[in-house]
Amino acid sequence: MTPAPAPAAFDQIAFIGGGNMAASLIGGLIAAGQPATTIRVSEPDGERAAALKARFGVVIAADNAAAVHGADIVVLATKPQQVASAVQGLRLAPAATLISICAGVRIATLHTLLGQGDWHGAIIRTMPNTPALFGAGITGLHASAGATSRAKAQAETVLGAAGKVCWVASEALMDAVTAVSGSGPAYFFLLTEAMAEAGIALGLTPDDAQALALQTFIGAAKMAEGTGTDVATLRAQVTSKGGTTQAALESLEADGFRRILGTALVAANRRGRELGDELAAAASP
Ligand SMILES: NC(=O)c1ccc[n+]([C@@H]2O[C@H](COP(=O)([O-])OP(=O)(O)OC[C@H]3O[C@@H](n4cnc5c(N)ncnc54)[C@H](OP(=O)(O)O)[C@@H]3O)[C@@H](O)[C@H]2O)c1
């Protein structure tokens with residue numbers, strides 16, 4: 001995993017789809033120094049487009065073709081099911097880098113949809129997660145074969161605007177990224193919910209239990225990040241022999257906590273692969 005890279009300005013960057021995730025990337029890019037006038041957005045929802053223009057000062061393109069015309073970087077940010085209609089027949093600038101943030105949409109699927117033409121740029125497939133909306137995300141990335149270091153650096157800058165980035169060596173690992181960090185925020189929410197419920201069962205008020213559970217996780221995450229110590233060592237350091245933490249951890253291990261989580265991630269990984277298959281089948285001619 002690498003921290004967000006230093007900001008760099010691009011000549012023209014186009015967003016196909018101006019929804020939630022696009023807005024957080026645009027906000028991050030502008031905060032990092034990318035001039036708003038170099039960002040073109042194609043967004044069919046007129047109200048949403050107007051809101052983006054008012055909030056960031058970006059240029060709203062008439063359609064997807066106008067947005068990508070001459071752009072160095074094209075960020076594909078529609079819902080996965082909207083990708084086919086958004087990119088089919090689109091003519092990218094010959095060396096443009098296509099960055100897809102669309103869950104489950106494979107590089108081969110994008111190549112099929114975009115066709116050959118004179119475009120020879122790289123495709124960078126990425127998987128951000130929801131905390132990106134607060135600049136605290138982590139994004140898994142995988143580059144198409146032959147992608148230049150320039151294209152990879154462009155993707156790091158765009159996704160780095162919303163948090164940290166993590167390159168994976170094979171595209172199949174994007175399903176593992178989805179299982180860990182893509183779906184991960186929901187695991188945290190469930191864990192917090194369960195811990196608060198357990199606190200209530202021990203007599204705490206719902207408000208107190210929720211506050212204690214949530215701030216404990218936030219604080220522990222900050223501690224892990226701030227100390228830079230690996231989490232297994234931190235766990236050992238906070239577990240006194242014969243104490244309350246040891247009693248709880250032994251109970252969790254005995255009940256198969258790691259196995260339960262492992263099985264859940266296998267299910268998410270499998271579902272990610274299935275969704276990729278479905279999107280690929282829908283895009284095939
Ligand atoms: N949100 C997350 O936390 C998250 C996390 C990881 C990955 N992602 C990925 O990020 C992508 C975007 O998610 P999101 O939450 O930002 O979705 P979103 O808010 O629904 O944004 C998608 C936008 O694309 C627009 N659109 C639809 N068809 C289009 C077309 N043909 N051309 C141009 N724009 C079009 C949609 O307009 P309409 O509303 O009018 O259809 C909508 O405004 C998804 O593929 C998702 O898998 C999101």
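In this predicted model, a polar side-chain atom of Glu43 comes within 2.6 Å of a ligand oxygen atom, a polar contact being a pair of N or O atoms within 3.5 Å. Of the 890 Å² of accessible area that the ligand has on its own, the protein covers 81% (Shrake-Rupley method, 1.4 Å probe).

Around the ligand there are 23 residues (a heavy atom within 4 Å), with Met21, Glu43, Arg48, Thr78 and Gln82 the closest.

As for the overall layout, domain 1 takes in 13-177 and domain 2 takes in 184-265, bounds that come from an automatic or database assignment. Their centres, taken over C-alpha atoms, are 35 Å apart.

Numbering runs from 1 along each chain as its sequence is written, and side-chain values use heavy atoms, leaving out hydrogens and water. Local features need pLDDT of at least 70 and side-chain atom pairs 80 or more, while totals for chains, interfaces and linings use all residues.

Technical notes. A polar contact is a pair of N or O atoms within 3.5 Å; within protein, one must be able to donate a hydrogen and the other to accept it, and residues adjacent in sequence count only if both atoms are side-chain atoms.
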